[in-house]
Amino acid sequence: MAKNKKHTILKTKNLSIGYSSKKTRTIVASNINIELQQGELIGLVGANGIGKSTLLRTLTKVQESLGGNVIINEKELTSYNANELAKVLSLVLTEQVVSKNLSVFELVALGRQPYTNWVGNLSEHDNEIINQSINQTNIEDLKHKKCFELSDGQLQKVMIARAFAQDTALIILDEPTTHLDMYHKAYILKLLQKMVKDTQKTILFSSHEIDLAIQLCDKLIVMTDDKVIIDTPKNHITQGNFNSLFPKDLIVFDESTASFKIN
Amino acid sequence: MQKNYKFSFLILTVLLIVIFFANISLGSVAIPFKDVFNSLIGVTTSNESWQYIVIDYRLPKAFTAVLVGSGLGISGLLMQTLFRNPLAGPFVLGISSGASLGVALVIMGASIFGGFFATLLLTKWSLVIAASLGSFLVLLAVMMVSAKVRDTMAILIIGLMFGSITAAVVSVLSYFSSAEQLQQYIFWGFGSLGNLSWNELLIFVFIYCIGILFSVASIKALNTLLLGENYAKSLGVNIKKSRFVIIIATSLLAGTITAFAGPIAFIGLAIPHITRQVFNTSNHKILLPAVFIFGAIIMLICDSIAQIPTSDYTLPINAITSLIGAPIVIWLLVRKRKMIF
């Protein structure tokens, strides 16, 4: 039914991630080989401190890799300049925006920056895309509110709308569901899933909501101490990959319900 | 929304022009408004010295006030956005402390060179050059150290540290100076908008315009920086380059202003806050021109007050800016009950 060979958006070859200073190199994970296809929703799961953020920061050029390659759209990540990269990759970070005095519309409009002229004037086309992103994330009624008036859940939707407005083939979100209640966690992830279906974008997000991710994602990247595996949730379950996620003294993965249970 | 701003800008521009002419009409010598107007358009006035006062003293002073107020306001705005800190002002990079050090060295160190050199050193140009050199050197040091740090906040701290060092050197110098030298140094510290000839004003305007060009070129980057540096980077902003351009713009503006008018306090910190409160926006495309007008208006008002119309006294402009500016900021914050940043 679907095209047999889907376009690969992001690919890593023997990627090593970690931190280096003049004297020391701290490798967090190595030999990472993952491929993200167009039109996939991919979750990245793993224990605290396993290196999820480091991996995302390396994939997004916030931090340098310690070895291997990251290839986005068949082009080496290091050969992108800032503005080129901004047109293929947008981010939603865990950090708060500095100025909450921006209105929702203004904040979403900043997503159009890579395309606007030197002073940042919005064209007709820009306005269309901004309004479309606002529709897709269901925040029309917040449009003229200031960001400091919003709840955490609303603000997260706005940040996602901003990434949509950037109109990139790949969107990467770092823990988009933290600080949100159960309903909003599901809401945000469902929103991402719908976006992937509707627009054939590729969305990669890190999360601790493993049970939600299993239900919603096309693929999951499971990060453990010794390896990083990308596969469909189903295969992960049958191969027992979730069992090695956490120390086994407290919680175990129950295959029949696809969730973690207290031991 | 846009229309709204246009109307506000229209009112403010008219207000600026009115206050500009009011500023020229007021001064220690009472000149009828008709004669002020006549001197401006070049028609002979009933008193020739009036024409001289208006054209060669009051007019350059009013222009200086416009440049100083708008320039300091804009550099304050740039610094507050760059450092994500509402307490930042044009002098956080050590510009005014560097200028103070240069001037202190010239005034208090002049005696070391003695006699002939001392008189040569104490011309007005030597103070301008000393202030420029001082601020340039301190700024250079701050830039060199900050090129090594990745965090923008570190630059803020480094600038403040350099400020402390230069202030300490000035203290040591003052300790060994005569009362007369101290007085001269303190008078420089009061700031002054007058005393600029048309030629000096020309140099001032030239450098000021370069600073403004750099500021305008940074508008887009500044707006993106409202999201934080990592977001700005992900939106295609070259952080290092933008940071450099913003810092250069500030140093050109604040540096020349300090060189020609002395370390004018408070305006750079207060004007951006006043503007944000009135316009209720963080968009630099609106803020930058608005800060320009507000800065010019407030500086012109402060100057008129400092002159104490029809009296022979001139109060230190530095005291007036704080006396006027501080209550305005307090009043705005109390009335709106929240800070807009």
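## A guided tour of chains B and A

Begin by selecting chain B, which exposes about 15400 Å², with carbon and sulfur atoms supplying 73% of it (accessible areas come from the Shrake-Rupley method with a 1.4 Å probe, and for residues only the protein chains shown count as cover). The model is predicted: local features need pLDDT of at least 70, side-chain atom pairs count only at pLDDT 80 or more, and totals for chains, interfaces and linings use all residues. Residues are numbered from 1 along each chain as its sequence is written, chains are lettered from A and ligands numbered from 1 in the order in which they are written, and side-chain values use heavy atoms, with hydrogens and water left out.

**Chain B**

Along the principal axes, the C-alpha trace of chain B spans about 65 × 60 × 35 Å.

Of the 341 residues in chain B, 54% are buried (buried means under 20% relative accessible area, exposed over 50%, and partly exposed in between, with a 1.4 Å probe and protein chains only). Next, colour the charged side chains of chain B: there are 20 positive and 9 negative ones, and the centres of the two sets lie 24 Å apart. Lys and Arg count as positive and Asp and Glu as negative, without His and the chain ends; each charge is placed at NZ of Lys, CZ of Arg, CG of Asp or CD of Glu.

**The interface**

Now display both chains. Here 33 residues of chain A are in contact with 24 residues of chain B (contact means heavy atoms within 4.5 Å). The area buried between chain A and chain B is about 2400 Å², of which carbon and sulfur atoms give 57%; this is the accessible area (1.4 Å probe) that two parts lose on being put together, summed over both. Select A:Val98, A:Asn101 and A:Gln113, the residues of chain A that lose the most area to chain B, together 23% of what that side buries.

**Chain A**

The C-alpha atoms of chain A fill a box of roughly 55 × 45 × 40 Å along the principal axes. Chain A carries 30 positive and 29 negative charges, whose mean positions are 4 Å apart.

Select A:Ser90 in strand β7 (residues 89-92) of chain A. A:Ser90 is buried, with a relative accessible area of 0%. Leaving aside residues up to four places away in sequence, A:Ser90 touches A:Ala163, A:Gln166, A:Thr168, A:Leu170, A:Ile171 and A:Ile172.

Two loop residues complete the tour. Most residues other than glycine have a negative phi. A:His179, although not a glycine, has a positive phi of about 65 degrees; look for A:His179 in the loop between β8 (170-173) and α6 (182-199) of chain A. At 72% relative accessibility, A:His179 counts as exposed.

Finally, select A:Ala258, in the loop between β12 (251-254) and β13 (259-262) of chain A. A:Ala258 has a positive phi of about 55 degrees and, at 18% relative accessibility, counts as buried.

Note on methods
Helix = DSSP H or I, 4+ residues; strand = E, 2+ residues; numbered from the N terminus.
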